[in-house]
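Hello,

Here is the structure for you to look through.

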Amino acid sequence: MLTLIFSELLMMALSNSSRRLLQPSFFLIGIPGLEESQHWIALPLCVLYLLALVGNVTIIFIIWTDPSLHQPMYLFLAMLSGIDLVLASSTAPKTLAVLLAHAHEIGYTVCLIQMFFIHAFSSMESGVLVAMALDRYVAICHPLHHSTILHPGLIGRIGMAVLVRGFLLLLPFPILLRRLVFCQTTVIGHAYCEHMAVVKLACSETTVNRAYGLAVALLVVGLDVLAIGISYVLILQAVLKVPGAQARLKAFSTCGSHICVILVFYIPGMFSFLTHRFGHHVPHHVHVLLATLYLLVPPALNPLVYGVKTQQIRQRVLRIFYIIGWI
């Protein structure tokens with residue numbers, strides 16, 4: 001509901017500004033330098049998108065319909081799946097249209113809205129990963145007070161804070177872009193509307209856009225990674241105090257899924273961010289391909305990681321397969 005409200009407000013703001021200055025449409029190249037192979041590249045991207053849709057819808061359905069899973073860890077997982085659905089659906093349909101149907105043109109306002117949703121929900125995913133690290137810290141370091149500390153009211157407020165932070169921090173992106181002037185070049189060497197790819201096309205001053213983009217990236221990623229790091233340092237200290245190697249391994253194994261998801265999300269994201277600003281020697285098609293995979297691989301893999309490593313989720317998925325006669 002809040003997503004729809006913010007989307008309507010964003011559309012109204014961009015439409016009002018478009019009356020003052022007529023802006024051109026953009027032309028998305030896709031994967032620069034690999035135009036002849038783009039239909040083959042689209043096939044694995046399509047598979048990843050389908051996996052993301054099926055996997056995340058399944059996770060949300062299982063958690064929603066099973067009261068025994070209405071616990072902090074699974075509620076945060078449901079939030080992560082919802083964000084992944086929006087993130088993948090903001091990117092994949094247009095990217096696949098560009099690669100398969102050569103639908104390269106995208107309206108200026110539509111481009112800015114796509115860019116906003118991609119970056120806003122990436123910020124939200126990072127925030128949920130911090131919340132999941134907090135849940136693991138409380139579960140391991142304060143197991144007797146886990147449900148008391150992370151009660152449903154607090155979980156709801158955390159989810160609301162993550163949502164509002166993503167929208168408020170990223171809302172200036174499209175608004176600041178509306179101030180820029182695009183002279184002739186409206187060709188984006190990308191498969192989707194990425195913030196810095198659009199900024200680089202402007203022939204007016206872009207210092208404010210670049211500075212704000214850098215500040216948001218450092219603020220979100222820097223603080224979130226710091227919070228996750230502190231959580232795991234405290235977790236490691238608590239685990240090392242547990243007597244017996246088997247008990248320590250069991251305690252730390254509960255964090256395995258979360259650590260895998262963190263690595264899959266942050267490493268490609270940091271590569272894409274640094275390449276845009278400093279990676280002048282990285283081939284452009286490599287950067288675009290990895291940036292596209294960055295938005296599709298985590299949403300596709302997260303349900304698989306939690307489905308394989310979390311017994312409760314795995315059992316309920318197998319039960320669904322049994323009911324529909326797949327096994």
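**The sheet**

The chain contains an open sheet of 3 strands, in the order E2-E1-E3 and with mixed pairing. Strand E2 (105-106) and strand E3 (187-188) are the edge strands, each pairing on one side only. Two strands are taken to pair if DSSP finds at least two bridges between them. Helices (H or I, at least four residues) and strands (E, at least two) are DSSP runs, numbered from the N terminus. In a sheet, strands pair through backbone hydrogen bonds, either parallel or antiparallel. Strand E1 (residues 26-28) pairs with E3 in the parallel sense, over 2 bridges. Leu28 has Ile188 in E3 as its bridge partner.

**How to read the model**

This is a predicted model, in which local features need pLDDT of at least 70 and side-chain atom pairs count only at pLDDT 80 or more, while totals for chains, interfaces and linings use all residues. Residues are numbered from 1 along each chain as its sequence is written, and side-chain values use heavy atoms, with hydrogens and water left out.

**Annotated spans**

An unreviewed UniProt entry carries the annotation "transmembrane region" for residues 41-64, 73-92, 112-134, 154-177, 214-239, 251-274 and 286-306. UniProt positions are given in the numbering used here, feature names are shortened, and annotations may be inferred rather than shown by experiment. Among these spans, residues 73-92 are 100% helix and 0% strand, with the end C-alpha atoms 28 Å apart. Residues 154-177 are 96% helix and 0% strand, and their end C-alpha atoms lie 36 Å apart.

**Salt bridges**

How many salt bridges are there? The count comes to 3, where a salt bridge is a side-chain nitrogen of Lys or Arg within 4 Å of a carboxyl oxygen of Asp or Glu.

One of them is between the side chains of Arg316 and Asp66 (2.2 Å, N to O). Arg316 is in helix H13 (residues 311-323) and Asp66 is in the loop between helix H2 (38-65) and helix H3 (72-101), so the pair ties together parts that are 250 residues apart in sequence. Arg316 counts as buried at 15% relative accessibility, and Asp66 counts as buried at 14%. Here buried means under 20% relative accessible area, exposed means over 50%, and partly exposed is in between (1.4 Å probe, protein chains only).

Another salt bridge joins the side chains of Asp224 and Arg165 (2.9 Å, N to O). This pair links distant parts of the chain, with Asp224 in helix H9 (residues 207-240) and Arg165 in helix H6 (residues 152-170), 59 residues apart. Asp224 is buried, at 5% relative accessibility, whereas Arg165 is partly exposed, with a relative accessible area of 25%.

The side chains of Arg136 and Asp135 also meet in a salt bridge (2.9 Å, N to O). Both Arg136 and Asp135 are buried.

**Cysteines**

A disulfide is a covalent bond between the sulfur atoms of two cysteines. The rule used here asks for a pair of cysteine sulfur atoms within 2.5 Å, and the count comes to 1 disulfide.

Which cysteines does the disulfide join? Cys111 is joined to Cys193, with an S to S distance of 2.0 Å. Cys111 is in helix H4 (residues 108-141) and Cys193 is in the loop between E3 and helix H8 (195-199), so the pair ties together parts that are 82 residues apart in sequence. The torsion about the S-S bond is about -120°, so this disulfide is left-handed. Cys111 is buried, with a relative accessible area of 0%, and Cys193 is buried, also with 0%.

Cys46 is partly exposed, with a relative accessible area of 28%. Cys141 is partly exposed, with 22%.

Regards
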